[in-house]
Amino acid sequence: MNPITTTNTLVFASSNANKIAEIKSLLPSNFQLLSSHDLGINEEIPETADTLEGNALMKAQYLFDKTSKSCFADDTGLEVMALNGRPGVFSARYAGPERSAQMNIEKLLHELDGVLDRRAQFRTAIAFVTEKGDAHVFEGKVEGLISTKWLGNAGFGYDPVFLPEGLSQSFAEMTLADKNARSHRARAFEAFIRFLETQKN
Ligand code: IMP
């Protein structure tokens, strides 16, 4: 029998190894995580909606249509106050189609050069499509500041320039456990996991 029929197996729409590792560290041990990549789905999953929630739903639904299993997807945006919420839903392609984290950070630091208001937030939407095809969305966010320079090498994406509220350390200067204690994704996951726990018989 195919192991993905186990009720606690969840399929996640991503091929980002850093993100998959982070999500594995957030899920309780009674859930098995399979990535779309594990199931041989290697094409780029469409994310053309204009909101984080819309993109997360689009990705989870796409995967559900292919697998008929419980699937979830997340979409994250960095919303910078002085940029009126940009790059937001366009965070991955902020500096162009290459999706280069280094280029995105360089562009962000350049746009904020000399700007005193460094307030920003990360926001994550998680969309979950159950085995029955019902869709649910969960959200998490963390407020903070954009640093004036690159700080640390851990994590991924914009981590080296994001200082979570009240700390002078960037996400890229923390252990994964410390990032998980306060991150946007961890908070969205808490809501998602609470929901999963209520679904158990
Ligand atoms: P995605 O929705 O996960 O593809 O992320 C959109 C953009 O935000 C990409 O540029 C990611 O690198 C970035 N991003 C997502 N999550 C995080 C995070 O936890 N820390 C820093 N950057 C992130």
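Mentor: Let us start with confidence, since this is a predicted model: pLDDT is the predictor's confidence in each residue, on a scale from 0 to 100. The chain averages a pLDDT of 92, and 96% of the residues score at least 70.

Trainee: Over which residues is the pLDDT below 50?

Mentor: That stretch is residues 1–6, which has seven contacts in the model beyond near neighbours in sequence. Where pLDDT is low, the predicted coordinates should not be read in detail.

Trainee: Why is strand β3 described as largely enclosed by the rest of the structure?

Mentor: A residue is called buried when its relative accessible area is under 20%. Nine of the 10 residues of β3, which spans residues 71–80, are buried, and the strand is therefore largely enclosed by the rest of the structure.

Trainee: How do you know which strands β3 pairs with, and in what sense they run?

Mentor: Pairing requires at least two bridges between two strands. Strand β1 (residues 9–12) runs parallel to β3 and is joined to it by two bridges, with V11 having C71 as its bridge partner. Strand β5 (residues 119–129) runs antiparallel to β3 and is joined to it by 10 bridges, and here C71 stands opposite V129.

Trainee: What lies between β3 and β4 in their hairpin?

Mentor: Six residues separate the two strands, and N84 in the turn has a positive phi of about 55°. L83 also belongs to the loop between β3 and β4.

Trainee: Is L83 buried or exposed, and what makes you say so?

Mentor: The relative accessible area of L83 is 9%, and the cut-off for buried is under 20%, so L83 is buried. Leaving aside neighbours within four places in sequence, L83 is in contact with Y94, L108, E111 and L112.

Trainee: Which residues touch the most other members of the largest nonpolar core?

Mentor: They are L10, F72, F128, F189 and F192, in a core of 20 residues. At least two residues of this core come from each of β1, α1 (17–26), β5 and α5 (184–199), and α5 supplies the largest share, eight residues. A second, separate core has 17 residues, including L83, L112, V161 and F162.

Trainee: What makes the link between E47 and K59 a polar contact?

Mentor: The limit for a pair of N or O atoms is 3.5 Å; the side chains of E47 and K59 are joined at 3.4 Å, and this distance therefore falls within that limit. E47 sits in the loop between β2 (32–35) and α2 (52–67), and its contacts, apart from neighbours within four places in sequence, are N55, M58, K59, D75, R93 and R99.

Trainee: Which residues come nearest to the ligand?

Mentor: Of the 13 residues around the ligand, they are K19, T76, D159, K179 and R185. A ligand nitrogen atom is 2.5 Å from an N or O atom in the side chain of R185, while a ligand oxygen atom is 2.8 Å from a polar backbone atom of T76. An oxygen atom of the ligand is also 2.9 Å from an N or O atom in the side chain of D75.

Key:
Residues are numbered from 1 along each chain as its sequence is written. This is a predicted model: local features need pLDDT of at least 70, side-chain atom pairs count only at pLDDT 80 or more; totals for chains, interfaces and linings use all residues. Side-chain values use heavy atoms; hydrogens and water are left out. Buried means under 20% relative accessible area, exposed over 50%, partly exposed in between (1.4 Å probe, protein chains only). Helices (H or I, at least four residues) and strands (E, at least two) are DSSP runs, numbered from the N terminus. Contact means heavy atoms within 4.5 Å. A polar contact is a pair of N or O atoms within 3.5 Å; within protein, one must be able to donate a hydrogen and the other to accept it, and residues adjacent in sequence count only if both atoms are side-chain atoms. A nonpolar core is a set of buried Ala, Val, Leu, Ile, Met, Phe, Trp, Tyr and Cys residues joined through side-chain atoms within 4.5 Å. A residue is near a molecule or strand if one of its heavy atoms lies within 4 Å of it.
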